[in-house]
Every structure is written in structure tokens, then in C-alpha cells.
Amino acid sequence: MVSALARRVYEACHLTGTFRLRSGQVSHEYFDKYLFEAQPALLRDVAEAMVALLPDECDVLAGMELGGIPIATVMSQLTGLPTVFVRKQAKEYGTAKLAEGGAVAGRRVVVVEDVVTTGGALLASCRDLRAAGAVVDLVVCAIDREQGGAANLAAESLVLRPALTRAGLEAAVRA
């Protein structure tokens with residue numbers, strides 16, 4: 001049940017204080033995804049909820065550096081889909097790849113992220129994956145903080161499907 005999962009995730013990773021987010025925003029609450037990703041049973045349950053969000057047509061899962069990678073890896077184990085690991089920017093040495101682990105050109109790629117706030121880093125990576133020839137139109141995430149990410153992604157023809165939302169997490173602990 002989603003509300004039970006939401007409660008477990010909230011209890012595992014909700015922090016209060018003053019935090020600067022990747023977007024540059026300052027928040028007085030923070031969802032430290034590494035706290036649920038480090039718990040094998042909880043990580044698997046989140047990944048299972050995210051697998052339910054996948055479309056029938058999906059060739060590759062693309063885990064975003066760093067937090068999306070463990071989730072995408074577990075989702076790969078659950079579905080049998082191959083996974084690539086997406087860097088924030090292509091490395092400048094060796095193979096100089098943005099996406100490590102396999103080809104994305106001509107393949108339908110679903111991007112996997114942990115927490116989405118405004119979607120800024122996602123937008124850049126999705127543009128890069130598209131430039132590499134990937135067909136990208138869907139992002140699945142563990143938690144949508146509901147601070148504009150879905151709308152920002154939609155502006156670039158990307159759909160965001162969250163397993164959990166900030167509102168859902170908060171409702172689960174009030175219930």
C-alpha cells in the first residue's frame with residue numbers, strides 16, 4: 001500500500017533544519033534519499049513501486065548520478081531491463097561517455113531519479129540523452145517534492161511519474 005510505504009520512507013529520510021537544495025533553493029525540510037536507499041528492504045519496496053510506473057515500451061533504464069543509480073539497479077533486477085548510469089556530464093577521459101553501461105541511441109529510455117524538486121539536473125541530462133539518440137519522454141522518481149519539477153519537465157515533453165509525493169509523504173504521517 002502506498003501510504004504504508006510513504007510512512008516508512010518519511011520516517012527513514014525526512015530531516016528538518018536548513019538545507020540548500022541542488023536547485024539553489026533553501027528548504028527547512030529535506031528528504032535524504034540515501035537514508036532509504038541504504039536500507040535494502042526499503043530500497044526494494046520503493047523500486048517495486050517505481051516499476052509499476054514503467055510503460056510497456058521501455059528498452060533501457062537510465063539511473064541518474066548518484067541517487068538514481070541504486071534505484072535503477074534494483075529496478076533492473078526486478079524487471080530484467082538493462083540499465084545505464086548517467087553522469088551529470090560526460091567524463092573527459094577514457095570513453096568520454098555520458099551514459100555508462102550500454103547504448104542508448106534509438107532505444108526508448110526511461111530516466112530514473114531519486115528526488116525531483118525543480119527538475120533542473122534532469123532536464124540537462126534528458127537533453128544530453130536525446131542528443132545521444134535516445135528516445136526519452138518519461139522520468140520516474142521516488143519522491144516528487146512538488147516544487148515545479150513536473151511542469152518544468154512537461155515544458156520539454158517529459159512526463160514525471162513519482163512513486164511518492166511530498167503531499168503523500170506528509171499525509172501518511174498525519175494519518
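Let's start with strands β7 (residues 135–144) and β8, which run parallel and are joined by six bridges. When I say that two strands pair, I mean that DSSP finds at least two bridges between them. Along this pair, C141 stands opposite P162 in β8. Helices here are DSSP runs of H or I with at least four residues, strands are runs of E with at least two, and both are numbered from the N terminus.

A word on where this comes from: it is a predicted model, with local features needing pLDDT of at least 70 and side-chain atom pairs counting only at pLDDT 80 or more, while totals for chains, interfaces and linings use all residues. Residues are numbered from 1 along each chain as its sequence is written, and side-chain values use heavy atoms, with hydrogens and water left out.

Now, the sheet. In what order do the six strands of the open sheet come? The order is β5-β4-β3-β6-β7-β8, and the pairing is mixed. At the edges are β5 (99–100) and β8 (159–165), each of which pairs on one side only.

Let's look at β3 next. Buried means under 20% relative accessible area, exposed means over 50%, and partly exposed is in between, using a 1.4 Å probe and protein chains only. In a regular strand, side chains alternate between the two faces of the sheet. In β3, V60, A62 and M64 point one way, L61 and G63 point the other way, and all are buried.

β3 has parallel partners to show you too. Four bridges join β3 to β6, and G63 has V112 as its bridge partner in β6. β3 also pairs with β4 in the parallel sense, again over four bridges, and there L61 has T83 as its bridge partner.

For contact, read heavy atoms within 4.5 Å. The axes are lines fitted to C-alpha atoms, for helices over the stretch in contact, and the angles run from 0 to 180 degrees between N-to-C directions. Helix α5 (residues 120–131) lies across β3, β4, β5, β6 and β7, running at about 155 degrees to β7.

Leaving aside neighbours within four places in sequence, S125 is in contact with M64, V86, R87 and L98.

How do helices α3 and α4 meet? The axes of α3 (residues 40–51) and α4 (residues 68–79) come within 9 Å and cross at roughly 70 degrees. α3 and α4 are therefore roughly perpendicular to each other. The contact is made by L43, R44, A47, E48, M50 and V51 of α3, and by P70, I71, V74, M75, L78 and T79 of α4.

Most residues other than glycine have a negative phi, and most peptide bonds are trans. E65 and L66 are joined by a cis peptide bond, with omega about -5 degrees, and L66 lies in the loop between β3 and α4. E146 is not a glycine, yet its phi is near 60 degrees, a positive value. E146 lies in the loop between β7 and α6 (149–154), and at 42% relative accessibility it counts as partly exposed. S157 also has a positive phi, of about 60 degrees, although it is not a glycine. You'll find S157 in the loop between α6 and β8, exposed with a relative accessible area of 56%.

One last stop is T117, in the loop between β6 and α5. Is T117 buried or exposed? T117 is buried, at 11% relative accessible area. Leaving aside neighbours within four places in sequence, T117 is in contact with L21, S23, Q25, R145, Q147, G148 and G149.

How values were computed:
Angles under 35 degrees count as roughly parallel, over 145 as roughly antiparallel, 65 to 115 as roughly perpendicular and the rest as oblique.
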